Amino acid sequence: MSAVEYVATTQNRPEKRSVDEFPDRFDQPEDAYEGFFRADSAKNAPAWAAVMSYPHVRVSASGNMSRYETPNAYADAADWTSREATGWVRSEGVPPRRLHESVDKVHLLGGWTRFNVDGDPILENRVTYILTRLDGSWGIQARFGVDSYAGHEIEETTVATERLAKQFVTHVAEGDLTACAKLCRLPLTVVHIGNVITATSESDIVELLRSYSGRGINLKRAKAVQTGTRGAVVEVVTEFNDGERESGIVVVGKQHDKWLIAGTSKIAR
């Protein structure tokens with residue numbers, strides 16, 4: 001990134017901004033989170049791309065998944081036209097909260113509000129950001145979006161998605177990996193540090209789960225932490241007979257009146 005970045009103003013003329021305003025390295029997960037909204041609101045595509053870890057994915061509970069292999073791919077795809085058509089001029093992140101963390105990976109509960117030129121809110125959403133530290137710098141590896149946030153918890157969604165998460169762990173404990181796969185939406189996204197796996201078939205999912213066979217797994221907690229009318233992010237904490245503990249999240253959405261898991265990320269302890 002050069003010493004000076006150029007971003008478009010509302011008059012579409014370039015405006016010089018200091019590189020300090022748009023860094024490409026972040027010491028803390030929250031720094032990358034804040035940089036995300038700063039670059040987005042400035043419509044600075046290279047700076048927006050610089051807050052990510054790659055490959056980067058966004059998984060929507062409502063059904064969409066986007067994947068970008070490189071910063072250039074992300075920057076080239078950046079487009080604010082549809083948002084501007086709604087009157088949008090900036091986005092503001094909600095105060096983030098760490099749900100799970102390790103040395104190189106954090107599940108960060110956050111989200112955003114979009115505003116028009118008068119400062120009136122247009123739209124809200126809740127998103128869980130999966131941040132990873134690669135080469136000493138934090139970036140957003142993935143985003144799990146609820147995409148139907150109603151401003152409050154949706155009890156129906158909470159009950160249904162927590163039940164689904166419990167069923168999934170029960171099937172793992174029983175060794176019925178095929179039943180687990182049928183609780184997932186294709187493609188299924190699995191987020192690791194510096195690597196994102198996209199499972200495109202039920203057999204792919206079964207293979208991903210084989211490492212759990214015979215270990216003995218116990219569910220400690222399944223709790224919806226972000227909900228909307230069409231989906232949720234559910235915290236899933238499990239413990240194995242060997243003493244290892246996993247703190248994970250799944251993004252769950254409704255497809256053809258059926259709740260299905262669309263993406264997952266875990267942190268082992």
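**The buried interior**

Tutor: Threonine 238 counts as buried because its relative accessibility is 4%, and the cut-off for that term is under 20%. The model is a predicted one. Threonine 238 belongs to strand 13, which spans residues 231–240. Beyond four places in sequence, threonine 238 touches Val169, Ile217, Asn218, Leu219, Lys220, Glu244, Arg245 and Glu246.

In soluble globular proteins, nonpolar side chains tend to be buried together.

Nine of its nine residues are buried, so strand 9 is largely enclosed by the rest of the structure. Strand 3 pairs with strand 9 in the parallel sense through five bridges, and in this pairing methionine 52 stands opposite isoleucine 140. Strand 8 runs antiparallel to strand 9, and eight bridges join the two; here arginine 133 stands opposite tryptophan 138. Strands 8 and 9 form a hairpin with two residues between the strands, in which aspartate 135 takes a positive phi near 55°. Leucine 131 shows how the surroundings of this region are made up: apart from residues up to four places away in sequence, leucine 131 touches Pro29, Ala32, Asp104, Lys105, Val106, Leu108, Trp138, Gly139, Ile140 and Gln141.

Tyrosine 54 lies in strand 3. Its relative accessibility of 15% is why tyrosine 54 counts as buried. Although tyrosine 54 and glutamine 141 are 87 residues apart along the chain, their C-alpha atoms are separated by 6.1 Å. With neighbours within four places in sequence left aside, tyrosine 54 is in contact with Ala49, Tyr68, Glu69, Thr70, Pro71, Tyr74, Leu134, Gln141 and Gly194.

In one of them, phenylalanine 36 and tyrosine 129 are edge-to-face, with 6.0 Å centre to centre and 70° between the planes. This pair links distant parts of the chain, since phenylalanine 36 is in helix 1 and tyrosine 129 is in strand 8, 93 residues apart. Both phenylalanine 36 and tyrosine 129 are buried. They also belong to one aromatic cluster, formed by Tyr33, Phe36, Phe37, Trp48, Tyr68, Tyr74, Trp80 and Tyr129.

Two arginine placements and one further strand pairing complete the account. Arginine 126 lies over the face of tyrosine 149, at 4.2 Å from the ring centre, and arginine 90 lies over the face of phenylalanine 115, at 4.2 Å from the ring centre. Strand 6, residues 97–101, runs antiparallel to strand 7 and is joined to it by four bridges. Three residues lie between strand 6 and strand 7 in the hairpin that they form, and histidine 100 stands opposite histidine 107 in strand 7.

Conventions:
Residues are numbered from 1 along each chain as its sequence is written. This is a predicted model: local features need pLDDT of at least 70, side-chain atom pairs count only at pLDDT 80 or more; totals for chains, interfaces and linings use all residues. Side-chain values use heavy atoms; hydrogens and water are left out. Contact means heavy atoms within 4.5 Å. Buried means under 20% relative accessible area, exposed over 50%, partly exposed in between (1.4 Å probe, protein chains only). Two strands pair if DSSP finds at least two bridges between them. Rings of Phe, Tyr and Trp (its six-membered ring) pair if their centres lie within 6.5 Å; planes under 30 degrees apart count as stacked, over 60 as edge-to-face and the rest as tilted. A charge sits over a ring if NZ of Lys or CZ of Arg is within 6 Å of the ring centre and within 35 degrees of the ring normal.
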